[in-house]
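Dear colleague,

My notes on what was found in it follow directly after.

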Amino acid sequence: MPGGEAHAAPLLEKQFEDFRAQLEESGTLRERIRAVVMEIESTTRLIHSSLLLVHQSRSTPEVLEKPLAQIGVLKDLYNRLAKIVLESPGRYYRYHGDWKTETQTVVSLLAFVHWLETGALLLHTEAEEKLGLNDSEFRLDVEDYLVGICFMSKELPRYVVNQVTAGDYDCPRKVLKFLTDLHAGFRMLNLRNDFLRKTFDGMKYDLRRVEEVYYDVKIRGLTANGDPVVDQGAPAQS
Amino acid sequence: MLKLQRLSLRMMALKPQRLHNIAETTSQSVAKRVRTMTTESSMKDAFAKYTDYLNHLNEKRERVVKASRDITINSKKVIFQVHRISKHNKEEVLQKAEKDLADVTDRYISRLVKELQGTDFWKLRRAYSPGVQEYVEAATFCKFCRTGTLLNLDEMNATLLPLSDPSLEPLQINVLDYLLGLADLTGELMRLAIGRISDGELDFAKKICEFVREIYRELTLVVPFMDDSHDMKTKMDTMLQSVMKIENACFGVHVRGSEYMPLLGSDDPTSFLSGVPDVEI
């Protein structure tokens, strides 16, 4: 053993001091991130509660008014978040956990709004566009996007039930078609045994519920006749 | 939407003879069909892209996990090699250990370096972290036995620089993995200390004891700031156990060893065994 402890100990101490400084710095950064994420979360809550009116047979444009305005707020918040995270490069995924869940919810709401508006699926690139992230190095993680889409499908059975009650008998057919396509899309993915897979596994129950509603409506002759899509989207396979 | 609702309401009212308005419904449904067809194909294209992305990511993750596992296995071998140390073969044992460690760096860490670029370092951290921690453990263990000092993170990262192409981003071990590896190091040092005591190398054991205490003390200040400190907290508990085991062993020798040594009056290492209390390893 060489007797170099005399200067080795301060060196050891110095390294740990550096670590502490580094870790403290990243701690402050996380606090800044969390502050923005909390704002994102409260905005999503606002959007969500306004969207719930869709189940109370209000007209869609009326329901969408507030959420569409709030999406602009979300965009600003994501810009702020991106700025903070991009202050130094390559660390998106170091702090990813801090905005992951909230972003999944954001995607689910954006996708639901988009679907109510257009009847189509909000694509990953479109979601990024809505959040103003398409030119940024701060991207929307694809897995977060996919999880968000799975979350959105949970809203659909309830929507269908309430639309039918309100007298829209064509709604189940549309939703069923959409959800069938979406489910087929997800089945193309090779998933690992992770959260996304678990979330996707829940989608088949949404699909089944919508099929049931569609069946109920159809067997009672409530659907509009002569629509060709009906025959293709028959609820036989599940 | 409003119109549709109104229409369906009217249809409900006129349910028995609701075959009117056919013209309107069909024209609507044609427009709808066109739209669903385009969205369908763009959805398919989009999902094809997601599929590629996920396949690529999962394959890479799989390769990283494999590299990490190889690093773990071979770093463990280095650690076992260091444990073969005894009073008389120090140089020989350490040389072999250092050679094996260099081998791990060249053969397995380099594989990791090739996979990881840019955001991967943090995205795939969970996939490679165990291997890197074990590697930190092996490298710091070797270094301590050689010089009695702690191998710094900067020094370690400097040895990794030549592995990668200068045009690529080099693999740099992050503070968190380094600290987690260091926490495991104390377990190995405890085993080493007990072994050295039974071999009669008391000074070496005392040196280990001081070193481990120092690391434990420093870590207590750093752990609260670590990202996922839960893992680290359990490691800290284990570490304290290790520190205490070494201290108790040193205490045993100190108290009883001083009685036995002059009595037996030889430097036969086995004589210490009688003086050392049973220590669980």
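Read from the N terminus, the elements of chain B follow the order α-α-α-α-α-α-α-α-α-α. Please note that this is a predicted model. Chain B accordingly has 10 helices and 0 strands. Of its 281 residues, 33% count as buried. Among the contacts in chain B with a separation of 6 or more, 73% are between residues 24 or more positions apart.

The domain assignment divides chain B into domain 1 (49-173) and domain 2 (182-281). Between these domains of chain B, 11 residues of domain 1 are in contact with 11 residues of domain 2. On the domain 1 side, helix H2 (22-83) and helix H5 (125-147) of chain B are the elements that give two or more residues. The largest share of that side, 6 residues, is supplied by H5(B). By residue class, the domain 1 side that touches domain 2 of chain B has 4 nonpolar, 5 polar and 2 charged residues.

Helix H8 (residues 171-187) of chain A packs against helix H10 (residues 203-219) of chain A at an angle of about 155°, and their axes are 9 Å apart. Since angles over 145 degrees count as roughly antiparallel, H8(A) and H10(A) are therefore roughly antiparallel to each other. The crossing of H8(A) with H10(A) is left-handed. The residues in this contact include Leu176(A), Leu179(A) and His183(A) from H8(A), and Leu207(A), Val210(A) and Tyr214(A) from H10(A). The contact of H8(A) with H10(A) comprises 11 nonpolar, 2 polar and 4 charged residues.

With kind regards

Technical notes:
Residues are numbered from 1 along each chain as its sequence is written. Chains are lettered from A and ligands numbered from 1 in the order in which they are written. This is a predicted model: local features need pLDDT of at least 70, side-chain atom pairs count only at pLDDT 80 or more; totals for chains, interfaces and linings use all residues. Helices (H or I, at least four residues) and strands (E, at least two) are DSSP runs, numbered from the N terminus. A residue is buried if 20 or more other C-beta atoms lie within 10 Å of its own, exposed if 12 or fewer, and partly exposed in between; C-beta atoms are placed from the backbone. Two residues are in contact if their C-beta atoms, placed from the backbone, lie within 7 Å. Domain bounds come from an automatic or database domain assignment. Ala, Val, Leu, Ile, Met, Phe, Trp, Tyr, Cys and Pro count as nonpolar, Asp, Glu, Lys and Arg as charged, and the others, Gly among them, as polar. Axes are lines fitted to C-alpha atoms, for helices over the stretch in contact, and angles run from 0 to 180 degrees between N-to-C directions. Angles under 35 degrees count as roughly parallel, over 145 as roughly antiparallel, 65 to 115 as roughly perpendicular and the rest as oblique. A crossing is left-handed if the near helix is turned anticlockwise from the far one by less than a right angle, and right-handed if clockwise.
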